[in-house]
Amino acid sequence: MFLDFYMKNFLILLIALVGSLTALTQTLPKVYNLRQDWKVQEKETMVPYKDQKRNTIHFTLDKKATGGKLLFYDRSEYSIFINGKLVARAQDSLHLKVDSLWARYQGKVSFSIHQKRPVYSLQTLLMMPVANSDLDNPLRQGSYFKDFVILASFILLTALVILFRVNSRLTFDYLNVVKLFSIQERDEAIVASRIGSSVNLFFFALISFLLGLLLLIIFQAVPERVRLAGEFTHQSTSEVFLIWLLLSSFIFIILIIKLILIVSFSLLFGLRDTVRFQFFNFIRLLFVTTILMGSVALVYFIVQTQRSGYYYHLLTVGCVLVIMGTILLFMKLLARTSFPIFHLFSYLCATEVIPLMILAKVILF
């Protein structure tokens, strides 16, 4: 009875989070990647950009872009020319309002962006606000990203319900916040089960797809702040589903690599008995972190904030929670083993701290 009550309330919370994330995608501006409009010069003519090694790319804007905002992003320095005149030198992100450009430069606005090295990771995005008439019209054309979020969320909810029906105790253990913060924990269903069992693999896949969905929503909300966002561009629902599948599969592979890393170093440090406990603790931490990040997104939607920096800091919140979980894991290992503190600290640096620092650098910087 207690498990049924817990899962019913958890599913209600999860459905509320899904609804908030879905509504969030409706309030976000439409983002257009202008990379498809890039041109480069070859001899005396302009040709479409197809990954040629060029230091300068060109594109133009028409009146359809009025009311929008241009976002430029690259970790390397770049120079922006409008109608042949230098207007800015920047690094990282730069925002330009299209209406101001039209007021200053009458007629067609032509952009040229130059870098010292051949253009590689430069991002040029046009963000168009959602018109009020579109929001008020119940027969408006649906957003493909909103459709993706709805479908993907229902798929994940269905998968969670199925897993709960198959093994309710294991599901409860994975989602148990109390055990995550408990230092003394011995008899657990997850530790007693085999890592390679089919139900555990399904849980690993579920958290991979859940994280993939959350990352795609954040990438959609703040494409100018996250460098990886430029690698996940899409133009249709089917494309987003394909990207979600690839991103989630990559996360799943990272989890398997982490498991192999834990097994290898546990043999080296003489901590073979902690492998299942440590890995399952990490999976539980991912579940709790994802739910809390979704809860913060729900608060953002309730207060109707439009500042992209808030959504970017969801990643920061996730990093802080993972760091706290790593500290708790260190305390748990101290309680479960008799090894010296320096021995356990060296082990955690190899299996937890260094891999997390690498991932944080790839995602956030």
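Which side chains meet in a salt bridge with a distance of 3.4 Å, N to O? In this predicted model, the pair consists of Glu42 and Arg54. The two residues belong to distant parts of the chain and are twelve residues apart. Glu42 is in strand β2, which covers residues 39-42, whereas Arg54 is in the loop between β3 (45-48) and β4 (56-61). Both partners fall in the intermediate class of accessibility. Glu42 is partly exposed because its relative accessible area is 30%, a value between the limits of 20% and 50%. Arg54, at 26% relative accessibility, is likewise counted as partly exposed. In general, side chains of opposite charge can pair when their charged atoms come close.

The count of salt bridges comes to two. The other pair is formed by the side chains of Lys258 and Glu352, at 3.1 Å from N to O. This pair also links distant parts of the chain, with Lys258 in helix α9 and Glu352 in helix α12 (residues 341-364). Buried means under 20% relative accessible area. Lys258 therefore counts as buried, since its relative accessibility is 10%. Glu352 is buried as well, with a relative accessible area of 2%.

Ile260 is located in α9. With a relative accessible area of 51%, Ile260 is classed as exposed, because the class begins over 50%. Ile260 and Thr351 are 91 residues apart along the chain, and their C-alpha atoms are separated by 9.8 Å. Helix α9 also packs with helix α4 (residues 144-166). The angle between α4 and α9 is about 45°, and their axes lie 9 Å apart. The two helices are therefore oblique to each other. The crossing in which α4 passes α9 is right-handed.

The loop between α9 (237-269) and α10 (275-302) contains Asp273. The relative accessible area of Asp273 is 76%, so Asp273 is exposed. Val263 and Asp273 are ten residues apart in sequence, and the distance between them in space is 9.9 Å, C-alpha to C-alpha.

Two helices, α6 (177-181) and α11 (308-336), each supply at least two of the patch residues. Val177 lies in helix α6. At 39% relative accessibility, Val177 is counted as partly exposed.

Asn83 is not a glycine, yet its phi is positive, at about 55°. Most residues other than glycine have a negative phi. Asn83 is placed in the loop between strands β5 (69-82) and β6 (85-97). With a relative accessible area of 36%, Asn83 is partly exposed.

Key: Residues are numbered from 1 along each chain as its sequence is written. This is a predicted model: local features need pLDDT of at least 70, side-chain atom pairs count only at pLDDT 80 or more; totals for chains, interfaces and linings use all residues. Side-chain values use heavy atoms; hydrogens and water are left out. Helices (H or I, at least four residues) and strands (E, at least two) are DSSP runs, numbered from the N terminus. Buried means under 20% relative accessible area, exposed over 50%, partly exposed in between (1.4 Å probe, protein chains only). A salt bridge is a side-chain nitrogen of Lys or Arg within 4 Å of a carboxyl oxygen of Asp or Glu. Axes are lines fitted to C-alpha atoms, for helices over the stretch in contact, and angles run from 0 to 180 degrees between N-to-C directions. Angles under 35 degrees count as roughly parallel, over 145 as roughly antiparallel, 65 to 115 as roughly perpendicular and the rest as oblique. A crossing is left-handed if the near helix is turned anticlockwise from the far one by less than a right angle, and right-handed if clockwise.
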